[in-house]
Amino acid sequence: MSDLANTAASAKAQAPGRVNLIGEHIDYNGGMVLPAALSIGLEVKLTPRDDDRVLVSADHYDEQAERDLGETASGHWSDTALGASRKARELGLIACGADVTIRSTVPEGSGLSSSAALIVAILKAARKLGEGAHSDTELAVAARAVENDFMGVPCGIMDQMAVALATPGTAMALDTKALNYELFDLPISHALVVVHSGLTRKLTDGRYGERKEECDAAKAHFGTDDLCMLDPASISASPLPPAIRKRTMHCVTEHARVLTAIAALKSHDIAALAAAMNESHVSMRDDFEMSLPAIDALVSDACKLGAEGARLTGGGFGGCIVALVAKDAQDTWLEQLLSRHPRARFIAAA
């Protein structure tokens, strides 16, 4: 094995941000999702140490964080890098701690998977240093474990798979249960424009976890982990509390919308893709109750100003929207939308 304690050795790796075109909160409920990689992303430089310290520097934080591999998550901005470094050692990719330098263009709290991208990039850099035979899919699974087990975020596997395997300009049709996936090109006539609402949120703030707990209650009632495969009639007839029935109905209908969107992309049916996106936002707003009035207004105005489809994207309760806009109308559309919503800002176009 290579000398993992050699502090002169270092490796760099990159990972993109991602936008989910459709399929929210179903990657932990057995359904299909349709994320796409963005041109924004991050790069890490990993240098192994000969002790158990993890020193983290990031271009968007003034101070360097000094952590120890034995520490637990504390809510500090460096938790993600610490958790990834712990996982890299667990996988045998590094022997001790590491110096981690981060350069990122993915806004935190935007719902564009900055944490997943960081973890995956650190694991990919560590793989270069060790004799790692781990595949990108295996690293994605390990990255999810960091978020679930170390950071306490009950997320599914979509973000990690998308940032580990997709490339900018491609969408990933991902079966989150079997981890089978297909990559294909996005439309050339339209842009998928990502606009930040100006409202930030963290997946650790509790509301994401509440939705996961509600889905878990439905799983226990129906005796299945695959809520997306249930019969809508059985959901409507169940004695579950109304809120849990609505969460479950969202999972079933959202999974169906993802299948529609995949077929629409493959056949270049822009109208069908747009309709699925619009219906998805209504479901997130009314059934999963993960939107906010300001985001609903941003989505509504996006469509009124010419977007053919628009929806909240990400874990909800803040973050970004994604809108399907004809490329020849994109600049005027964006200028008008941002003039109506001064807190909003353009992030990227897929």
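Predicted model: local features only at pLDDT ≥ 70, side-chain atom pairs only at ≥ 80, totals over all residues.

Student: OK. How do α8 and α9 cross?

Tutor: Their axes come within 12 Å and cross at roughly 165°. The names come from DSSP runs numbered from the N terminus: helices are H or I with at least four residues, strands are E with at least two.

Student: What does that make α8 and α9 to each other?

Tutor: Roughly antiparallel. Under 35 degrees counts as roughly parallel, over 145 as roughly antiparallel, 65 to 115 as roughly perpendicular, and the rest as oblique. The crossing of α8 and α9 is left-handed; that means the near helix is turned anticlockwise from the far one by less than a right angle, and right-handed means clockwise.

Student: Which residues make the contact?

Tutor: From α8 you have Asn-278, His-281 and Arg-285, and from α9 there are Ile-295, Asp-296, Val-299 and Cys-303. Contact means heavy atoms within 4.5 Å. By class, three of these residues are nonpolar, two polar and two charged. Here Ala, Val, Leu, Ile, Met, Phe, Trp, Tyr, Cys and Pro count as nonpolar, Asp, Glu, Lys and Arg as charged, and the others, Gly among them, as polar.

Student: And how do α9 and α10 pack?

Tutor: At about 145°, with axes 10 Å apart, and the crossing is right-handed. Leu-298, Asp-301 and Ala-302 of α9 touch Trp-333, Leu-337 and Arg-340 of α10. That contact has four nonpolar, no polar and two charged residues.

Student: New topic, the sheet. What order do the strands come in?

Tutor: β9-β10-β8-β11, four strands in an open sheet with antiparallel pairing. Two strands pair if DSSP finds at least two bridges between them. β9 (309-313) and β11 (345-349) are the edge strands with a single partner each, so one side of each has no neighbour in the sheet. From one strand to the next, the twist averages 25°.

Student: How many bridges join β8 to β10?

Tutor: Seven, between residues 190-196 and residues 320-326. Val-195 sits opposite Ile-321 of β10. Helix α8 (residues 270-286) packs on the sheet too, touching β8, β9 and β10, with its direction at about 40° to that of β9. Helix α9 (residues 293-304) also touches β8, β9 and β10, and its direction makes about 160° with that of β9.

Student: One more pair: how do α2 and α4 cross?

Tutor: Helix α2 (residues 114-129) and helix α4 (residues 158-165) have axes that come within 9 Å and cross at roughly 50°. That makes α2 oblique to α4. Their crossing is right-handed, and the contact has five nonpolar, one polar and two charged residues.

Definitions and conventions: Residues numbered from 1 in each chain as written. Heavy atoms only, no water. Axes fitted to C-alpha atoms, helices over the stretch in contact; angles between N-to-C directions.
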